[in-house]
Amino acid sequence: MYSAIDHEFMCQALAEAEKALHLSNPNPRVGCVIVKDGRIIGRGHTQKVGGAHAEIQALSNAGENGFDAAGSTVYVTLEPCAHTGRTPPCVDALIKAKPALVIVAMSDPNPLVAGKGLERLKTAGIEVRCGLLEAEASALNPGFISRMTRGLPWVRMKVAASLDGKTALPSGQSQWITGSLARADGHYWRAQACAILAGVGTVIEDDPMLNVREIETERQPWKIIVDSKLATPLNAKVFNHLEQSGAIVVCANLDSAQKQAKAKALEMRGVEVVVMANPDGKVDLPKLFSYLATERQMNEIHVEAGFKLNGSLLREGCVDELLLYYAPFFMGEGFGMVNVPALAKINERQEWKVIDLNLLGADVRMRLLKK
């Protein structure tokens, strides 16, 4: 069904989609190339939210290059949208352009599309094929797919540790365990996320900014602090530069005048306060992630927390992916990666599958998915 040439051009479309990794949230990362007479005449990728989608970019690029897309083959990594959101439907523009063939990597999991785009193209007399390099296209959009199919964001937990699994000294000092290459790589993953999530303990101990600094990005992720008792200092660095990205503090309740006053002070700083308690009087973590996906349209959440919150997230089944960095030394006494109870039996373990292993200078990075 697909030739080597088809694979080559879809790979070009996937390369375009990768350019939207740090750009398109909450929209999916989509790439498109338009091919006529064996060469690419237009290419594009999804822009910032509210901007042009990949197909529109590619059609515009073809026009700027002096080419007519009529009779061409369009390669696009996700089914063209068939509904009006912040922008008009991409299928309308494609139908107007009159390509002979549209090859799509994967159908859109968004219920507002879900095959409707493909059907409209077929009804207009355009040949459509779907499924070329589907796995590769899916891998670019785990958060968007998760939000559309599960009503949850894709949660990636990042941990930097010594060879013996320690993330901080007994004093709490943790900067820096890994080297500069590993830290820059961590910022690459931060930049992909809709939000960076940490616990109040991390904010108090490290006073992090929780933004993207080591790589260039046009968009800063939101900052989310899990803080049951509203203990986050008002002057914490995490609240700097809120004009670039918003910040949310999630607490369990506002059951005292002191907490109510603190919530008001945070809101005066431009910080949103969300109340979300579980029966134990702590933040309801599963409910939080559901809220972030369904109410805030967040695709990927990047967790950089301490061992207590890490443990809670794992125990409550909130983590989809682990991003682990190991530095080549032993720390001895100190805090571990996660606070989880000891297993009674080995076969009760939660298993993870290694999907990627890289050397970054002296440090090792592992990516793992829950089995």
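Biologist: In which order do the five strands of the open sheet lie, and what kind of pairing do they show?

Modeller: Happy to. First, the ground rules: this is a predicted model, in which local features need pLDDT of at least 70 and side-chain atom pairs count only at pLDDT 80 or more, while totals for chains, interfaces and linings use all residues. Residues are numbered from 1 along each chain as its sequence is written, and side-chain values use heavy atoms, with hydrogens and water left out.

Now the sheet. Its order is β2-β1-β3-β4-β5, it is open, and the pairing is mixed. At the edges are β2 (39-45) and β5 (127-130), each pairing on one side only. Strands here are DSSP runs of E with at least two residues, helices are runs of H or I with at least four, and both are numbered from the N terminus. Two strands count as paired if DSSP finds at least two bridges between them. From one strand to the next, the twist averages 15°; such angles run from 0 to 180 degrees between N-to-C directions, with axes fitted to C-alpha atoms, for helices over the stretch in contact.

Inside the sheet, β3 (residues 73-76) runs parallel to β4 (residues 101-104), and four bridges join them. Y75 has I103 as its bridge partner in β4. A helix covers this region too: α4 (residues 116-123) packs on the sheet, touches β4 and β5, and points at about 155° to the direction of β5. Touching, or contact, means heavy atoms within 4.5 Å.

The structure holds three aromatic pairs, where rings of Phe, Tyr and Trp (its six-membered ring) pair if their centres lie within 6.5 Å, and planes under 30 degrees apart are stacked, over 60 edge-to-face and the rest tilted. F9 and Y75 make one of them: their ring centres are 5.6 Å apart and the planes stand at 40°, so this pair is tilted. Because F9 belongs to helix α1 (residues 4-18) and Y75 to β3, the pair ties together parts that are 66 residues apart in sequence.

Leaving out residues up to four places away in sequence, V102 touches V74, V76, L121, I126, E127, V128 and R129.

M298 sits in the loop between α10 (285-294) and β12 (300-303). With a relative accessible area of 4%, M298 is buried. Beyond residues up to four places away in sequence, M298 touches R147, P153, C194, A195, W222, I224, L292 and A293. The C-alpha atoms of M298 and R29 are separated by 14 Å, though these residues are 269 apart along the chain.

W222, one of those contacts, has a charge over its ring: the charged end of R296 is 5.1 Å from the ring centre. This count requires NZ of Lys or CZ of Arg within 6 Å of the ring centre and within 35 degrees of the ring normal. R183 likewise lies over the face of W176, at 4.6 Å from the ring centre.

Technical notes:
Buried means under 20% relative accessible area, exposed over 50%, partly exposed in between (1.4 Å probe, protein chains only).
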